[in-house]
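Biologist: I want to learn how to read salt bridges in a model. Please start with the terms.

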Amino acid sequence: MTEELRIEERPRLDHPVLVAAFRGWNDGGQGASLAGAFLARAWAARRFAEIDPEGFYDFQVTRPTVSLTNGETRRIDWPENEFFFAPLPGGGRDAIILLGVEPNVRWRAFTQLVTDVARQFEVELVITLGSLLADVPHTRPSPVTGSATDPALIEQLGLQASRYEGPTGIVGVLHDACARAGLPSASLWAAVPHYVSLTPSPRAAKALVERLVELLHADIDTGELDEAVAADSDTATYVESLERRVDELAAEGDLPSGEALADELTRFLRERENGIGGDDAARDQ
C-alpha cells in the first residue's frame, strides 16, 4: 500500500485541516468537485502527493482519456487523486486539499491511504464536500447542511448529528475510516436542483466554499464563483426547455406521467450537452 501512495514532498504544516472532494456519486451537479478545485486554485495550493490509480479503478467503467499536447502529442490522463497544500488565508493554519475520483474497488484500502496521509501530517480535522440532488429551486442560493458524529465537534462547529441511513459513497466510507483512526471529521453537503443534475452547479460550489471558510474562519475571494453563478445560462436554458415541453404536451392533451416526463427531459438534456444532432449512430454511442 505504501507504493500506492506517492509522497513527493513533505511540507511542514501548521495545525492542518484536510478538505476532500470527489467526483462521482457524491458530486451531484459537480458542486463538490467544483468547490474543491476552486479552493486549490484560490489558495494557490501546491501538489505534494498522489494515489496511484492502478489498483482502485475498473478502467472499463472509469476510463482514462486521451488528449493532445500542442495539437500533436497524444497523452493519456488517468483518474487522479492528488493532495495539495496551502496556508489558509486568515485562518492561522494550513490546509491539505484532496481532489479525486470515487474509486471502483478496494474502498477500505483507498481510505486507509487517505487517513495515512492525515496521520503523517498530523491533520487535526477532516472535512469532506458533497452535493446531492434535492427538491430545491435553481433561483435561490443552494442550502448547505453540515454533519458529524462526534458530539464535541458538532457543538464546536455548530453542525448536526448525522442520522442518514442508506447507500453511501466514498465520502461515507472515508468518514468511517476517520472514526476508526481517531480523526475528527465533518461533512458539508450542498443541495442541487434535481431537474438540472446533469449541468455543473457553480451555485452549489459557491455555497460549499462559503460554509467551509466560515467554519475554518478563513478568507477567500469568491468573485470568480459569483461570476460563474451570474453567467450560468445552462440552468436557465434547461428550465425554459422544461417549461416549453410541458406546455406543448398540455396543449396536445397528452401530458405523460411525471416519471415519463422526467425520462424525456433527461434524455433531452444529455443530447444537448453531448452536442448530439440527428446522427443516430452518434446518439447510440
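Modeller: Begin with accessibility. Buried means under 20% relative accessible area, exposed means over 50%, and partly exposed lies in between (1.4 Å probe, protein chains only). R180, at 69% relative accessibility, therefore counts as exposed. D176 has 39%, so D176 counts as partly exposed.

Modeller: One caution on the source. This is a predicted model, where local features need pLDDT of at least 70, side-chain atom pairs count only at pLDDT 80 or more, and totals for chains, interfaces and linings use all residues. Residues are numbered from 1 along each chain as its sequence is written, and side-chain values use heavy atoms, with hydrogens and water left out.

Biologist: What is a salt bridge, and how many salt bridges does the structure hold?

Modeller: A side-chain nitrogen of Lys or Arg within 4 Å of a carboxyl oxygen of Asp or Glu. The structure holds 15. One of them joins R180 and D176 at 2.8 Å, N to O.

Biologist: Where do R180 and D176 lie?

Modeller: Helices are DSSP runs (H or I, at least four residues), as are strands (E, at least two), numbered from the N terminus. Both residues sit in helix α4 (residues 170–181), four residues apart, about one turn of the helix.

Biologist: Which side chains meet K206 in a salt bridge?

Modeller: E210 does, at 2.5 Å, N to O. K206 and E210 share helix α5 (residues 202–216), four residues apart. D226 also meets K206, at 3.5 Å, N to O. That pair links distant parts of the chain: D226 is in helix α6 (residues 223–230), 20 residues from K206 in helix α5.

Biologist: Is K206 buried or exposed?

Modeller: Buried, because its relative accessibility is 18%. E210 at 35% is partly exposed, and D226 at 34% is partly exposed.
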